[in-house]
Amino acid sequence: MSSNARNGTVVCVTGASGYIASWLVKFLLVRGYTVKATVRDPNDPKRVDHLLNLDGAKERLHLFKADLLEEGSFDHAVEGCEGVFHTASPCLFDVKDPQTELIDPAVKGTPNLLKSFAKSSSLKRVVLTSSMASIIYSGQPRTPEVIVDETWFSKPEFCREVKLWYALSKTLAEDAAWKFVKENNIDMVVIHPGVVLGSLLQPSLNDSSAAVLKLLTGTQTSPNLTTGWINVKDVAHAHIQAFEISSANGRYCLVETLAHFSDIVKISHELYPTLPLPEKFVMDEPLMPKFQVSKERAKTLGIEFVPLDISLKETIESLKEKKFLDF
């Protein structure tokens, strides 16, 4: 799609007030798109003011009320759209009732939304935001020589066994989405980011930024976890590229680097020596080993990847600016 063709192209972004979605809306407006954005409450300034203040919002941003669990609530939002970016899905790591808080909205919500797409004659492609969580928990060993790629799928029974509820919700939602788009002949591309870092556009704290904040303020000792990290701007760009590049297809892993949570603390301390960081990690057991994640497919989307230290710096500066962090 040439840049001129984008002017006036109408797309929909679900869950538009979220961390990734806010950047996605920003970049789409910059590129000349008209954006129909769904939020749970368009009248809540905390959810929408940062979107309404974006460049181009006055002319080309339209807000719609929609709820994942309400069938048909996305019909108006997707009407006349060529592309839909489905980012709306709960991202919670600390849940009391996984079924109600995570699994139902993700698993029932995705087909609800796709039913609205299936009614649309203008729709060319759906880009779904998933997560590395629906790729890496297959029960296979993840050791330094292992390269995880898009052919990996998390296993629901394994996620249940080890109580990885967020991973379970993402895995079941993706399964439901693939089944639906195959039956209804919808073109879908799925993006799988690692833990997302970088500046916050929204005023509230999202879960991945909160996890970093807990580490940096010492309210949480470092979990013994090695995981993939990626900058929010790279994630937003990847979504747009996945819509614009006609040959894009299937799934894309998005991980700039693999790092242990203790590495995050170490790098943060090097960047900001005055940060009060936790002295002690719960590290009686050996550190979880690093593994590798393939970047081959992500590179075909033209993603150049912001390095981890820059992403961390952006996160910390943003947390400080928004008064979540004081040092």
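Modeller: Let us begin with an open sheet of seven strands, whose order is β3-β2-β1-β4-β5-β7-β10 and whose pairing is parallel. The edges are taken by β3 (61–65) and β10 (250–254); each has a single partner strand, so one side of each is left without a neighbour in the sheet. From one strand to the next, the twist averages 20 degrees. Please bear in mind throughout that this is a predicted model.

Strand β5 (residues 125–129) and strand β7 (residues 188–193) run parallel and are joined by four bridges. Leu-128 has Val-190 in β7 as its bridge partner. Helix α2 packs on this sheet, where it touches β1 (10–14), β2 (34–39), β3, β4 (83–86), β5 and β7. The direction of α2 makes about 165 degrees with that of β1.

Helix α2 also has a helix as a packing partner. Two packed helices are described by the angle between their axes and the distance between the axes. For α2 (residues 19–30) and α11 (residues 232–244), the angle is about 60 degrees and the axes are 9 Å apart. The two helices are therefore oblique to each other, and α2 passes α11 in a right-handed crossing. On the α2 side, the contact is made by Tyr-19, Ile-20, Trp-23, Leu-24, Phe-27 and Leu-28; the residues from α11 are Val-232, Lys-233, Val-235, Ala-236, His-237, His-239 and Ile-240. Sorted by class, this contact of α2 with α11 comprises ten nonpolar, two polar and one charged residues.

The model also contains an open sheet of three strands, in the order β8-β9-β11, and its pairing is mixed. Here β8 (195–197) and β11 (257–260) stand at the edges with a single partner strand each, so one side of each has no neighbour in the sheet. The twist in this sheet averages 45 degrees from one strand to the next. Strand β9 (residues 226–231) pairs with β11 in the antiparallel sense, over four bridges. Within β11, Ala-259 is the residue opposite Thr-227. Helix α14 packs on this sheet and touches β8, β9 and β11, its direction making about 65 degrees with that of β8.

Helix α14 (residues 308–321) packs in turn with helix α12 (residues 261–271), at an angle of about 70 degrees and with their axes 10 Å apart. These two helices are therefore roughly perpendicular to each other. Ile-264, Ile-267, Ser-268 and Leu-271 of α12 meet Leu-308, Asp-309, Leu-312, Lys-313 and Ile-316 of α14. The residues of this contact divide into six nonpolar, one polar and two charged.

The average pLDDT of the protein is 90, and 94% of the residues score at least 70. Over residues 1–5, however, the pLDDT is below 50, and this stretch has six contacts in the model beyond near neighbours in sequence. Where pLDDT is low, the predicted coordinates should not be read in detail.

Methods: Residues numbered from 1 in each chain as written. Predicted model: local features only at pLDDT ≥ 70, side-chain atom pairs only at ≥ 80, totals over all residues. Heavy atoms only, no water. Axes fitted to C-alpha atoms, helices over the stretch in contact; angles between N-to-C directions. Parallel < 35°, antiparallel > 145°, perpendicular 65-115°, else oblique. Left-handed = near helix turned anticlockwise from the far one by under 90°. Contact = heavy atoms within 4.5 Å. Nonpolar A, V, L, I, M, F, W, Y, C, P; charged D, E, K, R; others polar. pLDDT = per-residue confidence, 0-100. Pairing = 2+ DSSP bridges.
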